[in-house]
Amino acid sequence: MARAFDTGVRPQWCPGCGNYGVLAAVRGALAELGLRREEVVAVAGIGCHGRVTEYLDVNAFHAIHGRAVPVAEGVKLANPKLTVLVHTGDGDAYAIGLSHLLHAARRNVGIKVIVHNNMVYALTTGQAGPTTPRGLRTRSTPYGSVEEPFNPLLLLLASGATFVARGFSDDVQHLKELVKRAILHKGFAVIDVLQPCVTFYDTRGWIRERAYKLEDAGHDPRDFRAALERSLEAERVPLGVLYEVEKPAFEELALSPEHPPPALRDLKARLPLDKLLARFE
Ligand SMILES: Cc1ncc(C[n+]2csc(CCOP(=O)(O)OP(=O)(O)O)c2C)c(N)n1
């Protein structure tokens, strides 16, 4: 039997790449939620991670570098019934695309962002990015990176994200459950997935040694301050849902017929669509 959500295209990633685990987790999550492929859209950024859209059998859009999030926001607003996934890299999401990400989180647009965080720019041969640890020697930092990385979980919590989680690409079962929870969450959800880049920065052993599950540690994901504390941990790596709160999604508020945003209401009164279109006939 063909595997669920498999296009049949053979992945081109390096053997051992963390992208395989993310792909398997997402396929499993979609299948277990009983979603049909026409109900799902995956938008990917540019990078090794971006090839996901060739292997995941759903409607897909391969956006330009750093712009997967705004494309996904547009898809979600055009048809809020769709499950809209974003596959993005740490370079794509946290460097060139950072402001889109933080504002989508602040607005609580119901897109589900999966960050393939391998801590380097893999596709372009391993340059340093915003999550590269200080001192790492890469193609762009041959004497070791002198920059301090930033903490994406802390940034996302501060931006108002209503669902913030961290996964590990080797723990496919756990990641699958996180993806399911993210999809079922109303509004914006982000999962920062730590994954090794076997060619340019193999973090597999480092993550395995430090990872622990938040659900085993008595963490309450409704507690924002506790989530902040967990996001600040330096020696251990928390996996699971750091924070989840229910708030109205942007599309609910912006597209509600009872409460159209004033700007749109005025525009409608002043400029009926049929009259506007008639100008172009
Ligand atoms: C506007 C623009 N700038 C730079 C590039 C070159 N480029 C392609 S992929 C990439 C970085 C990819 O890193 P990441 O997003 O972390 O993805 P990974 O390859 O690690 O999955 C860069 C800088 C580009 N394609 N477009």
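This is a predicted model: local features need pLDDT of at least 70, side-chain atom pairs count only at pLDDT 80 or more; totals for chains, interfaces and linings use all residues.
Visitor: How many helices and strands does the protein have?
Guide: There are 12 helices and 10 strands. These are DSSP runs numbered from the N terminus: helices are H or I with at least four residues, strands are E with at least two.

Visitor: What percentage of the residues count as buried?
Guide: Of the 281 residues, 47% do. Buried means under 20% relative accessible area, exposed over 50%, and partly exposed in between, with a 1.4 Å probe and protein chains only.

Visitor: And what share of the contacts comes from residues 24 or more positions apart?
Guide: They account for 70% of the contacts with a separation of 6 or more. Contact means heavy atoms within 4.5 Å.

Visitor: On to the cores. Which residues have the most contacts inside the largest nonpolar core?
Guide: Leu101, Ile111, Val113 and Phe188, in a core of 32 residues. A nonpolar core is a set of buried Ala, Val, Leu, Ile, Met, Phe, Trp, Tyr and Cys residues joined through side-chain atoms within 4.5 Å.

Visitor: Which elements supply at least two residues each?
Guide: Among them are strand 1 (40-44), helix 3 (68-78), strand 3 (83-89), helix 5 (98-107) and strand 4 (111-117). Helix 5 gives the most, with 5 residues.

Visitor: What is Ile111 in contact with, leaving aside neighbours within four places in sequence?
Guide: Its partners include Val69, Ala72, Val84, Val86, Ala104 and Phe188. Glu73 and Lys76 are also among them.

Visitor: What is in the second core?
Guide: That separate core has 29 residues, including Ala29, Leu35, Val52 and Leu178.

Visitor: Tell me about Val190. Where does Val190 sit, and is Val190 buried or exposed?
Guide: Val190 is in strand 8 (residues 189-194). Val190 is buried, with a relative accessible area of 1%. Beyond neighbours within four places in sequence, Val190 is in contact with Val113, Val115, Leu156, Phe163, Val164 and Ala165.

Visitor: New topic. How many cavities of 30 Å³ or more are there?
Guide: There is 1. The largest cavity has a volume of about 30 Å³. On a 1 Å grid over the protein atoms alone, a cavity is a set of points where a 1.4 Å probe fits but cannot get out; a pocket is an open set with protein on both sides within 12 Å along at least five of seven lines; lining residues have an atom within 4 Å of a point. Grid points are joined across faces, edges and corners, and a volume is the space filled by probe spheres set on the points.

Visitor: What lines the largest cavity?
Guide: The lining includes Gly66, Arg67, Thr88, Asp92 and His100. Helix 3 and helix 4 each supply at least two residues.

Visitor: And the largest pocket: what volume, and which residues lie nearest its centre?
Guide: The volume is about 590 Å³. Of its 26 lining residues, Met119, Pro149, Trp206, Glu233 and Ala234 lie nearest the centre.

Visitor: Last one. Which residues are closest to the centre of the second largest pocket?
Guide: Ile46, Gly47, Tyr121, Ala122 and Leu123, out of 18 lining residues. That pocket has a volume of about 210 Å³.

Conventions: Residues are numbered from 1 along each chain as its sequence is written. Side-chain values use heavy atoms; hydrogens and water are left out.
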